[in-house]
Each structure stands twice: as structure tokens, then as C-alpha cells.
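Please read the following briefing beside the sequence and the coordinates.

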Protein chains: 2
Amino acid sequence: MVAVDWVGGSVRFIDQTRLPAEERFEQTADWRVVEEAIRALRIRGAPALGVAAAFALCLAAGDPRITSMNDLQLAFRTALEGLAASRPTAVNLFTALARMRRVAEHSFPSGVAAVRERLLREALAIRQEDVDACRTIGELGAQLLEARSTVLTHCNAGALATAGTGTALSVIVSAWTQGRIARVYVDETRPLFQGARLTTWELGRAGVPHTLITDSTAGSLFRRGAISAVIVGADRIAANGDTANKVGTYPLAVLALHHGVPFFIAAPTSTIDRETPTGDDIPIEERDPAEVTHAGGIRIAPEGVEVFAPAFDVTPQELIGAIVTEAGILRPPLASAIARLAFPADGERAEVR
Amino acid sequence: MVAVDWVGGSVRFIDQTRLPAEERFEQTADWRVVEEAIRALRIRGAPALGVAAAFALCLAAGDPRITSMNDLQLAFRTALEGLAASRPTAVNLFTALARMRRVAEHSFPSGVAAVRERLLREALAIRQEDVDACRTIGELGAQLLEARSTVLTHCNAGALATAGTGTALSVIVSAWTQGRIARVYVDETRPLFQGARLTTWELGRAGVPHTLITDSTAGSLFRRGAISAVIVGADRIAANGDTANKVGTYPLAVLALHHGVPFFIAAPTSTIDRETPTGDDIPIEERDPAEVTHAGGIRIAPEGVEVFAPAFDVTPQELIGAIVTEAGILRPPLASAIARLAFPADGERAEVR
């Protein structure tokens with residue numbers, strides 16, 4: 001199962017809003033369909049957003065109605081701006097857009113065909129780097145878990161959230177094959193149930209024993225000593241190590257601290273944003289109140305009720321035991337570990353925001 | 001609005017599973033309808049369960065088909081056993097059953113009419129004590145809150161959960177009239193959304209400003225310094241002060257500790273069970289997995305997924321800043337404060353379980 005793919009000049013993706021009831025793949029040559037899919041969370045997960053956005057720019061540049069470099073530049077810029085405005089928190093989106101923009105600008109003098117070819121090459125490289133990162137993250141992260149661990153995860157940081165095997169779920173599946181996992185507890189992840197819908201579906205396919213819980217049931221499991229580690233993905237990691245991830249992650253980190261349980265992040269280096277100094281500087285997307293006032297399409301709360309619906313929260317670096325990246329396991333102090341990393345995207349993402 | 005009432009020889013209650021969409025009252029002279037309503041959470045909330053169970057025993061004893069004391073004793077015992085098996089955690093249910101049983105046994109020699117009359121008198125006393133307790137809890141508890149507090153609550157501890165004005169919500173509404181409340185944050189309370197459905201409805205009727213959040217959004221609010229106190233109800237308070245309440249309460253207590261925010265319980269003394277030494281001894285009801293795998297009647301999780309669905313969790317006494325009861329505000333060390341209380345139900349509840 002590949003969440004986002006490039007097939008015959010078009011983007012093919014599985015509509016994650018329909019899972020697990022329906023495994024429906026969509027295929028489109030229209031970048032606006034990809035943008036809508038990102039906004040509607042048909043495509044979701046920080047690394048997958050980067051790959052999807054890169055492919056979407058290839059679609060924009062590849063529009064057969066484009067006949068001149070002026071047309072191409074306009075189409076590319078329009079798509080870049082539309083995609084940059086789609087979702088604000090996951091930095092992988094901006095990392096990918098910045099890389100694609102640099103390639104485009106460097107190749108504009110070479111003509112339409114060359115721009116298209118180099119954009120696609122870059123998008124496929126972004127995809128391949130993510131595939132490789134997922135595999136390495138899985139291998140490295142598995143070493144963090146003792147034999148027969150019971151691991152808690154939140155939201156979905158699996159194959160669906162990446163171009164590869166996932167981040168936190170890559171660690172879990174890799175650890176499972178090594179006998180390091182006895183059971184995975186899966187937070188349902190309100191309001192959109194990515195844990196209940198997507199993570200259970202992925203773990204079921206992988207044959208990893210798992211138990212679904214409501215988000216607030218995690219506390220009971222900690223108190224019973226039933227959790228030996230927490231591992232989740234990330235949407236943006238600030239320069240000091242503070243990490244934005246799906247809302248509900250921070251309470252797990254506090255529970256883990258209270259119970260002396262290690263708390264791990266798994267994310268590719270494309271999720272690290274050294275231009276964002278701390279978690280307080282990460283823009284937190286707020287979602288439509290209807291996602292909270294309704295469940296399964298049914299209104300549960302009274303009409304007109306005020307809602308606070310952030311999509312993400314920030315876990316401060318001091319609660320994070322390790323960040324598993326493809327460049328190695330980052331250990332506290334995370335600010336120094338992040339500063340020592342060498343990677344190329346710095347200084348360019350700010351321009352596409 | 002009275003959640004559970006005695007009207008013309010029958011029990012009248014609002015069907016809480018239909019709120020807020022529909023304000024439907026049911027009226028019945030059949031104790032089994034009340035028992036089903038308790039099992040199905042049409043009637044819920046620890047104090048309301050006690051009142052409903054007492055009224056249900058009056059219905060059982062009042063069955064017009066009863067012609068002899070033998071009939072009455074059989075009907076009473078059958079209803080007592082059925083009600084005792086309806087829900088295991090809230091101790092108010094057993095407190096009420098034990099009181100009713102004692103009254104019945106003492107009055108059996110006096111004849112059917114006398115038994116019926118004394119049972120009704122006791123049930124009405126249980127109801128009135130709850131009404132009085134709610135009012136006193138509201139008045140006492142309001143003093144715990146500073147001016148313009150922002151208060152977080154979980155589940156529903158309002159009028160719907162009692163025969164009176166509620167426990168935690170009685171404190172909140174009382175504090176609101178004194179200018180001590182700026183805003184109430186309401187946890188939606190998965191899986192059955194008692195916060196989203198019931199607490200918002202009650203606060204809306206009372207005119208108290210409130211904001212609905214998913215349960216795991218509370219962490220974001222603590223981290224922003226937006227919560228000045230947490231106040232919740234209770235389903236059973238052990239002799240040492242450990243408190244069972246709706247699942248998701250314990251994580252709030254840990255977050256409150258981490259952020260230096262006071263955490264309060266509001267409950268009548270009928271919720272205190274000195275026969276249960278600690279929280280580890282409180283039986284925790286597990287609910288139907290379908291409550292987690294479905295939302296709004298729609299299946300969200302894959303078929304066959306394993307679910308862990310406790311209805312309650314236990315907050316250890318050391319995380320509780322105060323327990324507001326009608327007999328006063330209990331302060332740590334809670335075990336001593338509870339030991340000093342004088343109330344009558346001890347030694348009888350065990351017999352009806």
C-alpha cells in the first residue's frame with residue numbers, strides 16, 4: 001500500500017477519509033485536486049504532505065495547456081501559493097515546496113520541457129528520500145524498545161502518513177519483527193479518529209497485536225503500569241527540539257514523565273525546522289468546529305456552542321527522551337543534537353510560506 | 001429541569017441519551033424500565049443513580065399485583081438484585097439500595113401498606129438529601145475559586161447527574177453568580193460525549209460562558225496557562241480519598257499537578273465508600289466495545305479490533321486538592337478527613353452488592 005504515488009503522469013492516492021470502510025484510490029492530473037485532498041485530509045501525515053505537494057507542483061507545471069515559459073511560471077507560482085496555504089503546521093510541506101521552487105528557478109532558463117523533467121526528478125527524489133528515511137527510522141528506532149514492550153501511539157504515523165513505511169509505525173513494525181513488541185495501544189485520536197481508523201487498519205495488515213482505546217483511557221493504562229514506551233510522529237520539530245504533533249500528544253508526554261515511561265518521537269529530518277526557534281513559534285492549525293460538534297456525521301453538541309479545536313499541540317523538548325531520524329537517534333540536549341545535524345533545507349522554507 | 005422525579009406513583013426521567021437533540025421525558029411504573037434506563041445510561045450520574053434506584057424499589061414494592069407480604073418480599077428482593085447488578089462503580093447506587101433494604105426489613109412486620117409508605121418516605125428522603133447536598137456543595141465549593149477563574153470540567157456532574165443542581169456544575173454555577181467564573185472548558189468526554197451533549201446543554205441553560213474541547217485538547221490549554229482550576233464529580237471515593245470518576249479524569253489530575261493547577265472533586269458524602277480501602281479496590285465497569293468502535297452510530301474502527309473500554313479511572317488521593325461535600329470541604333490528608341466524617345451508610349452497602 002502506497003499512500004501517495006506518481007503513476008503515468010498523474011498522482012494516485014488513497015482517500016484516507018474513507019478508511020477503513022473503503023479502500024478507494026483516486027488518480028488525478030489536476031494539482032487542485034491534490035490541494036483539496038490535503039485540505040480535506042484525504043492525504044495527511046507530515047512526510048506524505050511533502051511528497052504530495054512536490055507531485056502536485058509537477059502536475060501544475062505539466063499542464064498540457066502551458067505553451068510558454070510565462071505560462072509555466074504563472075502556473076507554478078499559483079500552485080506553490082495554493083499548496084503553501086493548504087495546511088500551516090507540518091513543515092515537510094514547506095520543505096518540499098522550497099526544494100521544488102529552487103529547482104524550478106534554476107531550470108527556468110532551460111525551457112519548459114527541462115523544467116518539467118527536473119521538477120519530476122526532484123519530486124521523485126523527495127519521495128525516495130522519504131522511503132529511505134522511513135526504513136532507517138524503523139531500524140534505528142526498534143533498538144530503543146526492550147523485548148516484549150507494550151507501546152502506546154497516537155494518531156497515525158504509519159505508511160499512510162509517509163511515502164514509505166511510516167515513522168512511529170515503522171519503528172513499531174520493525175520492533176515487532178524482532179520480538180520487541182507484545183502489544184500496541186492505539187489512541188483513537190479525536191476528533192478525526194486517525195488512530196481508530198488508520199493505525200488499527202495498518203497494524204491489522206501488519207499482524208501486530210493492538211488494542212484501541214479512547215484518548216483519555218491512556219491514563220488508566222499508565223496507572224496500571226501497562227505502557228512501557230510511547231512513540232509518536234511529528235508535524236514540526238523546532239530548533240530546540242520542541243515538537244508539534246497531533247493534539248493529544250502533549251498529555252501523553254506528561255503522563256509518561258509522571259510514570260517514568262520513555263517518550264519517543266520518530267520523524268525524518270525534513271520535519272525539523274531550524275528556522276523555528278521553539279515550540280511557541282510553531283503555527284498551530286485550528287480546525288472546523290464541526291469536527292468536534294459532530295461525530296460520524298451526527299451533531300452531538302448543542303447548536304452554537306463555542307469550540308476550541310487546535311489540530312496540534314506542542315511537547316516541550318524536556319519531555320522527549322529521543323527523536324529517531326534517518327540521520328540517527330537524537331538524544332537530549334536536543335537543541336545541540338539538532339544543531340549538529342547537516343541538512344540542506346535551511347533558509348529556503350521561509351520564502352515559500 | 002429535574003433529571004429523576006417521583007410523579008403520581010411513577011418515576012419520571014429525562015432520557016439523557018437523546019440530549020441535546022431531544023428533551024424527552026419518560027414516565028414509568030415498572031422498575032425494570034428504570035433498571036434498563038440505568039444500564040443504557042438514560043439515567044446516569046452517581047447521585048442520580050441512587051435516587052433512581054430508590055424510586056425503582058418503590059415501584060417494585062408498589063406493584064398492584066402484589067397481594068401478600070411474601071409477594072412483596074420476593075418483588076423487593078428481585079428488584080434489589082437487578083438494580084445492584086445494573087452498574088458496578090457508582091457507590092451511591094449501593095448506598096441507596098442498602099438504606100431502602102434496611103427500611104424494608106424493619107417494616108416487613110407492619111404489613112404491605114406500611115412497607116410501601118416507609119419505602120417511599122425513605123426514597124423521598126434520599127432525593128431530598130441529594131437536593132440539599134447539591135446546594136451546599138455549590139455554596140461551599142464556590143469559595144475555592146478565585147475571581148474570573150477559567151475552570152475545566154469533564155463528563156457531566158450537573159443537574160442531570162443528581163436529583164438537585166449537580167455537584168461540580170453546582171459549584172460552577174454558584175461561582176458564576178459570584179463573578180468567580182470567566183469561562184468553563186468542557187471536555188467532550190469520549191466515548192459517550194456526556195460533556196459535549198449534557199454539560200454544554202446545562203451550562204447553556206444556566207448562561208455560563210463555556211467552550212467545548214476534545215478530551216485531549218485539555219493539555220494545550222494547560223500549557224497556555226488557560227486553566228486556573230479543574231473540578232469534576234465522582235462515582236466512588238475510597239476511604240483513603242482515591243476517587244473513581246469518568247475515564248479521562250486521571251490524566252487531567254496529572255496535567256493539573258504538572259502545571260501547578262488545583263484539582264477538586266465535588267461529591268455528596270453518599271459517594272464516599274469507607275468499606276473500599278483504596279482506589280485499587282474500586283470495581284471499574286468496562287463498557288461495550290461498540291461505544292469506542294462507533295461514533296454517531298457509524299463504525300469508525302475496523303471490524304474485529306480489540307478494545308479496552310473502562311468507563312472510569314482512579315485519581316489517587318495525592319493529586320486531589322480538596323473534596324467538596326455537603327459536610328464540608330475535605331482537605332488533605334484525605335484519609336483522615338474522611339475518617340472524621342460521621343455518616344450512616346457504613347457496613348450496609350456490602351450486603352447489597
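In this predicted model, the side chains of D63(A) and R65(A) meet in a salt bridge at 2.6 Å, N to O, where the term stands for a side-chain nitrogen of Lys or Arg within 4 Å of a carboxyl oxygen of Asp or Glu. D63(A), at 19% relative accessibility, counts as buried, whereas R65(A) is exposed, with a relative accessible area of 69%; buried means under 20%, exposed over 50% and partly exposed in between, with a 1.4 Å probe and protein chains only.

Residues are numbered from 1 along each chain as its sequence is written, and chains are lettered from A and ligands numbered from 1 in the order in which they are written. Local features need pLDDT of at least 70 and side-chain atom pairs count only at pLDDT 80 or more, while totals for chains, interfaces and linings use all residues, and side-chain values use heavy atoms, with hydrogens and water left out.

**Salt bridges**
- A search of the whole structure finds 46 salt bridges over all chains.
- E285(A) and R287(A) form a salt bridge through their side chains at 2.9 Å, N to O, and both residues are buried.
- D5(B) and R127(B), both buried, are joined by a salt bridge of 2.6 Å, N to O.
- Because D5(B) lies in strand β1 (residues 4-7) of chain B and R127(B) in helix α5 (residues 112-142) of chain B, the pair ties together parts that are 122 residues apart in sequence; helices (H or I, at least four residues) and strands (E, at least two) are DSSP runs, numbered from the N terminus.

**Helix α6 of chain B**
- Seven of the ten residues of helix α6 (residues 168-177) of chain B are buried, among them L169(B), V171(B) and I172(B).
- The buried residues of α6(B) pack against elements of chain B that include α5, β4 (149-153) and β5 (181-187), contact meaning heavy atoms within 4.5 Å.
- G179(B), which follows α6(B), has a positive phi, near 75°.

**Interface of chains A and B**
- In chain B, 52 residues are in contact with 51 residues of chain A.
- The two chains bury about 4200 Å² between them, 65% of it on carbon and sulfur atoms; buried area is the accessible area (1.4 Å probe) that two parts lose on being put together, summed over both.
- R223(B), I300(B) and F308(B) supply 16% of the area that chain B buries against chain A, more than any other three residues.
- Six salt bridges are found across this interface, and D280(B) and R223(A) meet in a salt bridge at 4.0 Å, N to O.
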